[in-house]
Amino acid sequence: MQNIEFIIDHNLKEMTEHRTDALSVACYETTIVQHVHGHIPLHWHDELQFVAVLQGKALFHINDQKIAVPKGDGIFINSGMMHMAEDHGVSENCIYLCLNLSPHVIMPSDLYMKYVHPYVTATNLPFLYIERTNVWGEKFLDTIARIRGEFVDQVPFYEVNVASAVLDMWKMLIMNGYSLEHDPSEMSRNKRMKDMLQWIHLNYADPIRLEDIARMGQLSRSETCRYFKQILRTTPMQYVIEYRIQRSIELLQLSERSITEIAYEVGFNSTSYYINQFRKTMNATPLQFKRELSQQRNP
């Protein structure tokens with residue numbers, strides 16, 4: 001049973017505070033299958049994210065693309081990009097180092113607009129795959145590991161070492177990147193998608209129709225379905241079901257309410273349908289999930 005929580009708000013924005021006491025930077029090790037859903041759920045955050053895979057293979061979903069990242073390689077995920085990750089291995093669980101940082105900590109404000117802002121806002125840079133076989137890629141990925149070591153050891157002036165390493169990483173990335181684009185239509189598409197998801201997350205407990213979701217995105221029914229299929233690889237109504245399941249998991253962990261009460265509270269109008277959908281998603285019934293969680297807490 002996975003028991004690591006991953007908290008996001010109604011707009012899919014991750015609520016985790018990615019910082020230490022001294023820096024708006026966090027570097028930690030993640031084992032994907034240890035999260036409560038068995039994967040890292042769809043979310044976004046203002047911070048930039050740099051990943052170095054240590055074991056196994058991760059499959060990242062970023063906007064409408066899937067990117068498999070094996071042991072040794074890594075990926076950069078830009079600010080504000082919707083993404084999720086799942087284990088893509090067959091023999092060993094995927095473990096990766098994750099470095100999250102605010103774009104504003106990379107360099108002084110008088111250099112930010114020239115060397116950071118254009119990359120953070122570029123519409124053709126949702127992510128960048130980083131291969132260890134490239135000379136700069138190897139240095140880049142090794143720097144993530146070095147930053148992790150700085151946080152673990154915390155020798156005197158480690159904060160300065162981290163700040164210096166972050167600046168070196170960013171310089172490598174922009175020197176080995178490509179021409180940037182700023183497409184207003186792509187920005188609009190991302191905003192429409194976030195608006196529709198936010199509405200679902202605020203109204204999931206009520207009856208929801210496809211027409212309601214389409215209206216929030218100012219789209220037709222068919223265009224709404226196309227957006228969800230391209231970006232999330234699912235239908236709007238299937239996404240509603242999966243989100244209700246996610247919210248029910250929180251209640252199963254924190255509440256003594258019955259399965260029926262939880263089913264209706266998250267928007268299902270049938271207990272049997274809720275149990276069936278939960279089993280499809282979690283490979284267990286809600287009651288089995290709840291019992292296993294209780295056994296973990298009271299061995």
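**View A. Contacts of Pro118 in a predicted model.** Leaving aside neighbours within four places in sequence, Pro118 touches Tyr112, Met113, Leu180 and His182 (contact: heavy atoms within 4.5 Å). Pro118 lies in helix H2, residues 117-120. Helices (H or I, at least four residues) and strands (E, at least two) are DSSP runs, numbered from the N terminus. With a relative accessible area of 22%, Pro118 counts as partly exposed (buried is under 20%, exposed over 50%, partly exposed in between; 1.4 Å probe, protein chains only). Tyr28 is 90 residues from Pro118 in sequence, and 27 Å from Pro118 in space, C-alpha to C-alpha. The model is predicted: local features need pLDDT of at least 70, side-chain atom pairs count only at pLDDT 80 or more, and totals for chains, interfaces and linings use all residues. Residues are numbered from 1 along each chain as its sequence is written, and side-chain values use heavy atoms, without hydrogens and water.

**View B. The five-stranded sheet.** This open sheet of 5 strands runs in the order E1-E8-E3-E6-E9, with antiparallel pairing (a pair needs at least two DSSP bridges). Its edge strands are E1 (25-31) and E9 (127-130), and each pairs on one side only. On average, neighbouring strands are turned by 15° against each other, direction ignored. Axes are lines fitted to C-alpha atoms, for helices over the stretch in contact, and angles run from 0 to 180 degrees between N-to-C directions. Inside the order, E3 (residues 48-55) and E8 (residues 95-101) are antiparallel partners over 7 bridges. Val53 faces Tyr96 of E8 across this pairing.

**View C. Helices H3 and H4 across the sheet.** Helix H3, residues 135-153, lies across E1, E3, E6 (74-77), E8 and E9. Its direction is at about 100° to E1. Helix H4, residues 158-175, also lies across E1, E3, E6, E8 and E9. For H4, the angle to E3 is about 95°.

**View D. The four-stranded sheet.** Here 4 strands form an open, antiparallel sheet in the order E2-E7-E4-E5. E2 and E5 are the edge strands, each pairing on one side only. E4 and E5 run antiparallel and are joined by 6 bridges. His61 stands opposite Lys66 in E5.

**View E. The largest pocket.** The largest pocket has a volume of about 630 Å³. Of its 30 lining residues, those closest to the centre are His39, Met84, Leu232, Glu242 and Gln246. Two or more lining residues come from each of these elements: strands E2 (40-43), E4 (57-62), E5 (65-70) and E7 (83-87), and helices H7 (221-232), H8 (236-254) and H10 (271-282). H8 gives the largest share, 6 residues. By class, the lining holds 14 nonpolar, 10 polar and 6 charged residues (nonpolar: Ala, Val, Leu, Ile, Met, Phe, Trp, Tyr, Cys and Pro; charged: Asp, Glu, Lys and Arg; polar: the others, Gly among them). On a 1 Å grid over the protein atoms alone, a pocket is an open set of points where a 1.4 Å probe fits, with protein on both sides within 12 Å along at least five of seven lines; lining residues have an atom within 4 Å of a point. Points are joined across faces, edges and corners, and the volume is the space filled by probe spheres set on them.

**View F. Gln277 in helix H10.** Gln277 is found in helix H10. Its relative accessible area is 8%, so Gln277 is buried. Beyond neighbours within four places in sequence, Gln277 is in contact with Gln238, Ile241, Ile245 and Phe268.
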